[in-house]
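Have a look at the model below. Some questions and answers come after it.

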Amino acid sequence: MLLLKTLSIYFVMSASVSSSSIGNHEPLTRINRDVRNLARILYKNNKNNNNNNNNHHHRLSAKIVVSEKAPLLSEPAQGTTNNVEVPDKPPRTTAAGGFGFLKRLPRKVLSILSNLPLAIGEISYIVLKRFFLFYAGTFIDQGESPDYYLQKYPEDNPIFTWRWILALGFDHMFSSPIFLGTLALLGASLIACTYTTQIPTVKVARRWSFLHSAEAIRKQEFTETLPRASIRDLGVILAGAGYEVFSKGPALYAFRGLAGRYAPIGVHIALLLIMAGGTLSAAGSFKGTVTVPQGLNFVVGDVLGPLGFLSTPTEAFSTEVHVNKFSMEYYDSGEVSQFRTDLSLFDLDGKEVLRKTISVNDPLRYGGITIYQTDWSFSALQVLKDDEGPFNLAMAPLQLNGDKKLFGTFLPVANADSPDVKGISMIARDLQSIFIYDKEGKFAGVRRPNSRLPIEVDGTKIEIVDAIGSTGLDMKTDPGVPIVYAGFGFLMLTTCISFLSHAQIWALQDGTSVVIGGKTNRAKVEFPDEMNRLLDRVPEIIESSQSKQPNGILG
């Protein structure tokens, strides 16, 4: 086709010259001669290209391709400018991925943010601050009301008082401006480092080139010369070992493990995801605690309170929760082993959308809200007094030196208007046993709820009908958890990929010999052994087959 176009140009040029050069045949003769020579050259090149295309169909390995089929890549390797042949640079695309906005930042700002000593200082500060915040945040409850800190850390506290805790933000350490600002600075450093260091490193790694000088190949980390070998056979063996192989004429280039060069960028992205998820958890969550007696309801939105400036309520906040039943399980020793709550969730139309019995370490999740079983309490005691009632006596928590719970109530038996009211006291450690004391404070007996065994105290007949417990629920929303989990999963994946070695191999056919050189960024001890094993598999060319080798081995 190109030959026909050339001939057409020839006739047009001949006609135009002949019309403008009548009486002078020298210009026409010279142009005719030049165009004919050009046509012969194009015809010869076109024939050679057709022969090369036919030879390509008979290659031994599909992975071995000539440079025209290889991806367009840019500059030659450093130090080999005079001996390297590379394709032209591809057209530039706009904004490298999602980091294009960084091009608008001053170069000085990027260099400061990506400075290695600054990054080390930031990480050291984060680690020390995180350790301090974790230590203090473990002993100082987070996200509680000011009244809570006022009671737990009064003015006479020898370490912290409530004023210091609220003033320094120790009540919300992980959402404080100092902590979030430090995370933002570290994130900016990671982005700047990725843009200025990691992405250019990947671009350099993607550049492939052919070395046309044996001296340049021998400068690599690993070098070897095969005296009687074919570069075609070497390419087939490298392709079988997982290398991507490109060839042009007597030169060959192969690489493997380019994904390992992308791994640091993936690690940075994973760290950014983790920090973004942690920030969203700290500044966009809701939290609340409620103690609800059996049989009562509450609305989710009335319990949950925002923890930061990013906290946004959802439709699930209008859900109503009904406590169907609260129950407890006990060890043989009488200690509480487990407590469970049967919960029902209702939407605005009063339709039950979910029902589940929760327990410790088995929460309920609905609409991004998680309800945990964390505590219990004693709400009321139902009793019959002289076969009258039942009366609901509120149970109050009693202060004790220790972690064990103790609840008590009081049943008046004298004139309620008397200034010195006396009655029967009932104390319970749990919902299974009630200890009864007379008006003088002497022990009268023990009764179990629903036992239907009355007891007479100070002339009053008492029967314990039921013990009504209260469930203690912790509720929270944490929109950053999926992001943090995704970040950690991606971090593990990219960390494993980063152990892949990026190996590069160059080879040149020099007569009947093949000069080979290679390098790798990892596994530098194993790389020479692997190369020797591969080169041992390259077949040796005998004299009878040397004459059959074409001049362009892989061209």
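Q: Is strand β6 largely enclosed or largely open?
A: The model is predicted. Buried here means under 20% relative accessible area. Five of the six residues of β6 (residues 251–256) are buried, so the strand is largely enclosed.

Q: Over how many bridges do β5 and β6 pair?
A: Strand β5 covers residues 244–248. It pairs with β6 in the antiparallel sense. The bridges between β5 and β6 come to five.

Q: Which residue in the turn between β5 and β6 has a positive phi?
A: β5 and β6 form a hairpin, with two residues between them. The positive phi in the turn is about 60°. It belongs to Gly249.

Q: Which residue of β23 stands opposite Arg256?
A: β6 also pairs with strand β23 (residues 503–510). The two run antiparallel and are joined by six bridges. Opposite Arg256, β23 places Ala503.

Q: Which elements give two or more residues to the lining of the largest cavity?
A: The lining includes Leu364, Tyr366, Ile369 and Ile371. By class, the lining has seven nonpolar residues, one polar and no charged. The elements that give two or more residues are β13 (364–366) and β14 (369–385).

Note on methods:
Residues numbered from 1 in each chain as written. Predicted model: local features only at pLDDT ≥ 70, side-chain atom pairs only at ≥ 80, totals over all residues. Heavy atoms only, no water. 1 Å grid on protein atoms, 1.4 Å probe; cavity = no way out; pocket = protein on both sides within 12 Å on 5 of 7 lines; lining within 4 Å. Helix = DSSP H or I, 4+ residues; strand = E, 2+ residues; numbered from the N terminus. Nonpolar A, V, L, I, M, F, W, Y, C, P; charged D, E, K, R; others polar. Buried < 20%, exposed > 50% of the residue type's maximum accessible area, 1.4 Å probe, protein only. Pairing = 2+ DSSP bridges.
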